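Colleague: Could you walk me through this one? I'd like to go slowly and ask things as they come up.

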Amino acid sequence: MRRRHYRPRPRNSRGRLRTLNLTVAVILAAAVGFTAASAYTASNTVPSTNIGVYTHTIGAAELKPAACTGTVTAIIAVPAGGSAQTYNTPGNLILGTSGNDNVTATSGYNCFIGGGPTNNNTDTFTGSTPPSDECIIAASDTGTIKHCTIVQRSP
Amino acid sequence: MRRRRFVVTVLLGALLAGALIGKVATASNTVPNQSLGYGSAAAVTAYTISGVTYTLDSTSPQNIDQVAFTISPTNPRLVKAQLAPGGAWYACTNSAGNVSCATTTPQTTATGSTQLTVVATQ
């Protein structure tokens, strides 16, 4: 009868030791990978930048062309159609239409911008007395411009 | 030989898994919300706007065709302007700090323009 052969104990211990070593190695490898990835992304930098928001109120003074030198505090949009319009308050930026306009300003300083039409323009403006108003009217204007200094021709 | 291949494969897998976890962990980092312009002076600087001019349409002066201004520092990559709160935003072009913004699409009117807002970013 053959004697039964058992595995020697020392060999079994070595196997466990190998498994333990492998586990430690795996943990170390994972830690190295984690650290390397974290360090790489942590070193990412956002470039310096400029950013800004600016706000400012828009009023008649801001819209007034440089050719008009007086002080304006209100904007008046002349209605289309060419009917006679009279404005009794001073300090207006009076904006005409693309058609012919007929405007009377009775008080103080006003800046009148007649606009179009480009050809055969007949914008009419009567300023206050003594004359202090300033007008920007079309080059082709043949209308009556009274009591107003023509400071610019446009269009 | 087979065992050695197995060990190398397991170690490489662990390395990759660790790297992946590290990447994911830092990718989920969030930068807290800050007010505009907040930050160190060296990193975030507000732009300065000056010399604002509006160009009225020559034929229909009740319309504004353009707003122009100078900006400092002169190198913003994106500049946009708005002429009324809640209104349209207009793209601007910047040439060495001289900025112009066409305001014709949609057409801006003088009476409808109450507040200029400019946003600039590098």
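Colleague: Of the contacts in chain B with a separation of 6 or more, what share comes from residues 24 or more positions apart?
Modeller: Residues 24 or more positions apart account for 54% of those contacts in chain B. Please keep in mind throughout that this is a predicted model.

Colleague: OK, and how many helices and strands are there in chain B?
Modeller: Chain B has one helix and eight strands, and reading along the sequence gives the pattern α-β-β-β-β-β-β-β-β. As for burial, 27% of the 122 residues of chain B count as buried.

Colleague: Can we look at strand 6 of chain B? Which of its side chains are buried?
Modeller: The side chains alternate along strand 6, which covers residues 98-102 of chain B.

Colleague: Which way does strand 3 of chain B run against strand 6, parallel or antiparallel?
Modeller: Strand 3 (residues 63-72) and strand 6 of chain B run antiparallel and are joined by five bridges; in this pairing Thr70(B) stands opposite Asn98(B). Strand 5 (residues 89-95) of chain B also pairs with strand 6 in the antiparallel sense, over four bridges, and there Asn94(B) has Val99(B) as its bridge partner.

Colleague: What lies between strand 5 and strand 6 of chain B?
Modeller: Those two strands form a hairpin with two residues between them. Ala96(B), in the turn, has a positive phi of about 55 degrees although it is not a glycine.

Colleague: Is Ala96(B) buried or exposed?
Modeller: Ala96(B) has 9 other C-beta atoms within 10 Å, and a residue with 12 or fewer is called exposed, so Ala96(B) counts as exposed.

Colleague: Which residue of chain A has a positive phi without being a glycine?
Modeller: Asn120(A) is one, with phi near 55 degrees, and this residue is found in the loop between strand 6 (110-113) and strand 7 of chain A. Asn120(A) is exposed, with 10 other C-beta atoms within 10 Å.

Colleague: While we're in chain A, where are the cis peptide bonds?
Modeller: A cis bond joins Thr129(A) and Pro130(A), with omega about -5 degrees, and Pro130(A) sits in the loop between strand 7 (124-126) and strand 8 of chain A. Another cis bond joins Ser154(A) and Pro155(A), with omega about 0 degrees, and Pro155(A) lies in the segment after strand 10 of chain A.

Colleague: And what order do the strands of the open sheet in chain A take?
Modeller: Five strands form that open sheet in the order 2-4-6-8-10, with parallel pairing. Strand 2 (74-77) and strand 10 (148-153) of chain A each have a single partner strand, so one side of each is left without a neighbour in the sheet. The twist averages 20 degrees from one strand to the next.

Colleague: How many bridges join strand 8 to strand 10 of chain A?
Modeller: Five bridges join strand 8 (residues 133-137) to strand 10 of chain A, and the two run parallel. In that pairing Cys135(A) stands opposite Ile150(A).

Colleague: Let's switch to domains. How does the assignment divide chain A?
Modeller: The domain assignment gives domain 1 (9-45) and domain 2 (60-153) of chain A, and their C-alpha centres lie 86 Å apart.

Colleague: Now the interface: how many residues of chain B are in contact with chain A?
Modeller: In this model 47 residues of chain B are in contact with 41 residues of chain A. On the chain B side, helix 1 of chain B supplies the largest share, 15 residues. By class, this side of chain B has 30 nonpolar, 16 polar and one charged residues.

Colleague: Last topic, then: which residues touch the most other members of the largest nonpolar core?
Modeller: That core has 40 residues, and those touching the most other members are Leu93(A), Ile94(A), Leu95(A), Phe112(A), Val67(B) and Ala81(B). The largest share of this core, four residues, comes from strand 3 of chain B. A second, separate core of six residues includes Ala29(A), Phe34(A), Ala37(A) and Ala14(B).

Methods: Residues numbered from 1 in each chain as written. Chains lettered and ligands numbered in written order. Predicted model: local features only at pLDDT ≥ 70, side-chain atom pairs only at ≥ 80, totals over all residues. Contact = placed C-beta atoms within 7 Å. Nonpolar A, V, L, I, M, F, W, Y, C, P; charged D, E, K, R; others polar. Buried ≥ 20, exposed ≤ 12 C-beta atoms within 10 Å, placed from the backbone. Pairing = 2+ DSSP bridges. Axes fitted to C-alpha atoms, helices over the stretch in contact; angles between N-to-C directions. Domains from an automatic or database assignment. Core = buried A, V, L, I, M, F, W, Y, C linked by C-beta atoms within 7 Å.
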